[in-house]
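Reader: I am new to this structure and would like to learn how to read it, feature by feature. Could you show it to me, and then begin with one contact between two side chains?

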Amino acid sequence: MLPWKRALRPLAALLLAAAAATVPATAAHADAAATASASGWNDYRCKPSAAHPRPVVLVHGTFGNSVDNWLALAPYLTVRGYCVFSVDYGQLPGVPLFNGLGPIDKSAAQLSAFVDKVLAATGAAEADLVGHSQGGMMPRYYLKFLGGAAKVNALVGVAPDNHGTTLGGLANLLPYFPGAEDLLSAATPGLADQVAGSAFLTKLNAGGDTVAGVRYTVIATKYDEVVTPWRTQYLSGSDVHNVLLQDLCPVDLSEHVAIGLLDRIAFHEVANALDPAHATATTCASVFS
């Protein structure tokens with residue numbers, strides 16, 4: 001075995017351990033799940049209203065899950081009258097809580113099945129998708145290759161890695177470590193798929209970023225330290241709205257995690273994207289809305 005392979009074999013485990021510092025323990029996760037259900041989030045009895053006729057499906061990011069990623073945004077939307085549901089995807093065998101690590105094309109198939117379930121339960125013809133990080137990019141595969149465009153009205157990506165990431169240049173070093181790319185692909189294919197220039201991203205973005213009939217919104221922060229360069233989050237297309245958080249509130253310092261987990265200025269812009277006919281200006285004061 002190559003020395004580099006022996007040195008890099010713990011890579012996936014180290015990544016998981018690092019993520020553990022930001023994700024609640026299993027018991028806390030179970031309590032949060034119960035609270036979510038009781039609050040009307042993931043309530044399959046919910047029927048969309050005339051004001052909000054489409055259910056909202058929340059798509060977590062890498063190392064996230066259907067509860068912990070949305071403890072702030074899901075209640076924010078439910079109190080505004082939306083039927084809100086959240087999906088788990090990309091699980092690896094023997095790895096609890098930390099999802100979004102499996103092959104992204106397979107994760108998109110899981111999203112497809114979940115959207116079908118939500119539409120059947122609510123009676124709606126279409127859903128709106130809101131995703132953080134990988135969760136803002138992965139649905140584009142569903143829209144483009146799995147028939148999702150006929151079932152989705154809008155995709156809102158919060159700090160999405162639409163064109164991959166260099167992780168501040170670190171990903172560019174992988175070719176200099178023999179076996180590193182193969183190890184990453186074998187241990188955590190969902191991470192390998194997100195490296196700028198991967199075969200998955202090349203396929204996803206070939207022929208254009210968007211598909212007809214879907215509205216796209218990207219909400220980015222210039223302080224993003226995970227999806228780099230941050231401008232690569234933006235999409236090109238005829239029905240695309242790219243937003244920089246600091247253009248809305250210059251003093252907002254949210255980085256990659258905070259923009260999806262707790263930033264109410266970003267949440268206000270999400271609500272605008274879901275209901276553009278009744279959008280209101282997003283400013284620093286939106287933190288109090």
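Author: A polar contact is a pair of N or O atoms within 3.5 Å, where, within protein, one must be able to donate a hydrogen and the other to accept it, and where residues adjacent in sequence count only if both atoms are side-chain atoms. In this structure the side chain of Asp128 makes such a polar contact with the side chain of Arg54, at 3.0 Å. Please keep in mind that this is a predicted model, in which local features need pLDDT of at least 70 and side-chain atom pairs count only at pLDDT 80 or more, while totals for chains, interfaces and linings use all residues. Residues are numbered from 1 along each chain as its sequence is written, and side-chain values use heavy atoms, with hydrogens and water left out.

Reader: Where does Asp128 sit, and is Asp128 buried or exposed?

Author: Helices (H or I, at least four residues) and strands (E, at least two) are DSSP runs, numbered from the N terminus, and Asp128 belongs to strand β3, residues 127-132. Buried means under 20% relative accessible area, exposed over 50%, and partly exposed in between, with a 1.4 Å probe and protein chains only. Asp128 has a relative accessibility of 1%, and therefore counts as buried.

Reader: Which residues is Asp128 in contact with, leaving aside its neighbours within four places in sequence?

Author: Contact means heavy atoms within 4.5 Å. With those neighbours left aside, Asp128 is in contact with Arg54, Pro55, Val56, Val57, Asn153, Ala154 and Leu274. Asp128 and Leu58 are 70 residues apart in sequence, and their C-alpha atoms are 8.7 Å apart in space.

Reader: How should I read the strands together, and in what order do they form a sheet?

Author: Two strands pair if DSSP finds at least two bridges between them. Here six strands form an open sheet in the order β2-β1-β3-β4-β5-β6, and the pairing is parallel. At the edges stand β2 (84-87) and β6 (240-244), each with a single partner strand, so one side of each is left without a neighbour in the sheet. Axes are lines fitted to C-alpha atoms, for helices over the stretch in contact, and angles run from 0 to 180 degrees between N-to-C directions; neighbouring strands of this sheet are turned by 15° against each other on average, direction ignored. Helix α5 (residues 104-122) packs on the sheet, where it touches β1 (56-59), β2 and β3, and its direction makes about 155° with that of β2.

Reader: How many bridges join β5 and β6?

Author: Strand β5 (residues 215-220) pairs with β6 in the parallel sense over five bridges, and Ile219 stands opposite Val243 in β6.

Reader: How many disulfides does the structure hold, and what does each join?

Author: A disulfide is a pair of cysteine sulfur atoms within 2.5 Å, and the structure holds two. One of them joins Cys46 to Cys83, with 2.0 Å from S to S, and this link is left-handed, with -80° about the S-S bond. Cys46 lies in the loop between α3 (26-38) and β1, and Cys83 in the loop between α4 (73-78) and β2, so the pair ties together parts that are 37 residues apart in sequence. Cys249 and Cys284 form a disulfide with their sulfur atoms 2.0 Å apart, and their link is right-handed, with 105° about the S-S bond. This pair links distant parts of the chain, 35 residues apart: Cys249 in the loop between α10 (245-248) and α11 (256-261), and Cys284 in the segment after α12. Cys249 is buried, with a relative accessible area of 2%, whereas Cys284, at 31% relative accessibility, counts as partly exposed.

Reader: What is the mean pLDDT of the protein chain, and where does pLDDT stay under 50?

Author: pLDDT is the predictor's confidence in each residue, from 0 to 100. The protein chain has a mean pLDDT of 86, and 80% of its residues reach 70 or more. Over residues 1-27 pLDDT stays under 50, and the model has 32 contacts beyond four places in sequence for them; over residues 176-180 pLDDT also stays under 50, with eight such contacts. Where pLDDT is low, the predicted coordinates should not be read in detail.
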